[in-house]
Amino acid sequence: MVFSQRNAYVEKTIRLETVDRKLKQRIISAFLKHEFNSYESSDWSYYGDEIHDLIIKIGAPNQFSSLETVKQQNIINLQNYLMESSEWYKIFDFIEYYLECVSTTKVDEVTSVINRILEEESYGYRVLDKQVIPITNVQELSTIHEAHSTLFDSVNKHFSKALDLYADRTEPDYENSIKESISAVEAMCCIITGETGSQATLGKTIKKLKDKGIHIHPAMESAFSSLYGYTSDEDGIRHGSIGFTNAPAEDAKYMLVSCSAFVNYLIEKWSKVSD
């Protein structure tokens with residue numbers, strides 16, 4: 001891997017405190033579709049006070065005349081303002097203001113569309129009760145990034161694949177992302193214990209860590225053994241079970257964060273033993 005990959009400076013990641021033009025365009029298009037029944041309407045003059053208040057609240061340039069041509073220009077000004085704003089959070093302010101003025105019959109529909117866009121674009125935010133909230137945080141991202149840049153290529157490669165599969169904005173593969181996350185833990189345990197071949201499984205190597213001077217709490221050992229079972233039994237992901245053909249995004253994110261944290265933990269424990 002090159003420098004940017006080893007240090008997790010990769011495009012496919014869970015994104016926080018930043019937005020790109022594509023996300024802005026998709027949110028604005030959703031707004032235009034729901035309010036004007038078109039992505040590119042030729043007439044944006046038929047809107048009421050709620051939309052006008054939205055333009056004012058978001059801080060976009062606006063004109064107060066009720067003339068249809070002026071109202072059309074106000075929508076254009078709103079789009080330009082959001083697209084050109086250098087403040088990443090403006091588009092999320094817009095989402096919240098918009099949901100406040102959406103009719104109650106459309107709130108759930110609009111929320112669903114926006115959440116789908118945020119998930120597809122790999123942003124760490126979702127809409128809940130008309131508010132945009134983080135579903136991950138900087139600490140979690142830091143944990144993932146640290147696990148990406150260990151001294152062990154086999155571990156790094158598994159985590160790199162897990163993140164790529166999770167964050168692919170066109171065809172996310174949550175099942176295999178989960179598989180790669182747990183495989184990274186397995187690889188780390190094999191490195192520490194030196195096990196290879198048929199003995200090189202997480203279920204076996206995690207029990208042998210204590211032989212290398214790494215003592216972890218029995219509850220933690222049991223928890224990760226159970227996670228290994230979750231992916232490896234006859235109904236598990238590694239066996240291609242039909243029950244895992246639609247693993248949700250939140251499961252993949254949980255495994256990515258948890259496995260990253262556990263690998264970082266093992267490396268720190270091992271370094272103390274080695275010293």
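**Confidence.** I began with pLDDT, the predictor's confidence in each residue from 0 to 100: the protein averages 84, and 86% of the residues score at least 70. This is a predicted model, in which local features need pLDDT of at least 70 and side-chain atom pairs count only at pLDDT 80 or more, while totals for chains, interfaces and linings use all residues. Residues are numbered from 1 along each chain as its sequence is written, and side-chain values use heavy atoms, with hydrogens and water left out. I then looked up residues 239-243, where pLDDT stays under 50. For this stretch the model has six contacts (heavy atoms within 4.5 Å) beyond four places in sequence.

**Nonpolar cores.** I took a nonpolar core as a set of buried Ala, Val, Leu, Ile, Met, Phe, Trp, Tyr and Cys residues joined through side-chain atoms within 4.5 Å. Buried means under 20% relative accessible area, exposed over 50%, and partly exposed in between, with a 1.4 Å probe and protein chains only. The largest core has 37 residues, and Phe 31, Phe 92 and Phe 94 touch the most other members. At least two residues each come from α2 (21-36), α3 (49-58), α4 (68-84), α5 (90-101), α6 (107-120) and β1 (125-128). I note that α2 gives the most, with seven residues. Helices (H or I, at least four residues) and strands (E, at least two) are DSSP runs, numbered from the N terminus.

I next listed the contacts of Phe 31, leaving aside its neighbours within four places in sequence: Phe 36, Ile 51, Leu 54, Leu 78, Phe 94 and Tyr 98. A second, separate core holds 36 residues, including Phe 159, Ile 216, Leu 256 and Leu 266.

I looked up the pairing of β1 with β2 (residues 131-134), which is antiparallel over four bridges; two strands pair if DSSP finds at least two bridges between them. Arg 126 has Ile 133 as its bridge partner, and Leu 128 has Gln 131. Two residues separate the strands of this hairpin, and Asp 129 in the turn has a positive phi of about 50 degrees.

**Ser 160.** I located Ser 160 in helix α8 (residues 153-167). Ser 160 is buried, with a relative accessible area of 13%. Its C-alpha atom is separated by 9.5 Å from that of Ser 149, 11 residues apart along the chain.
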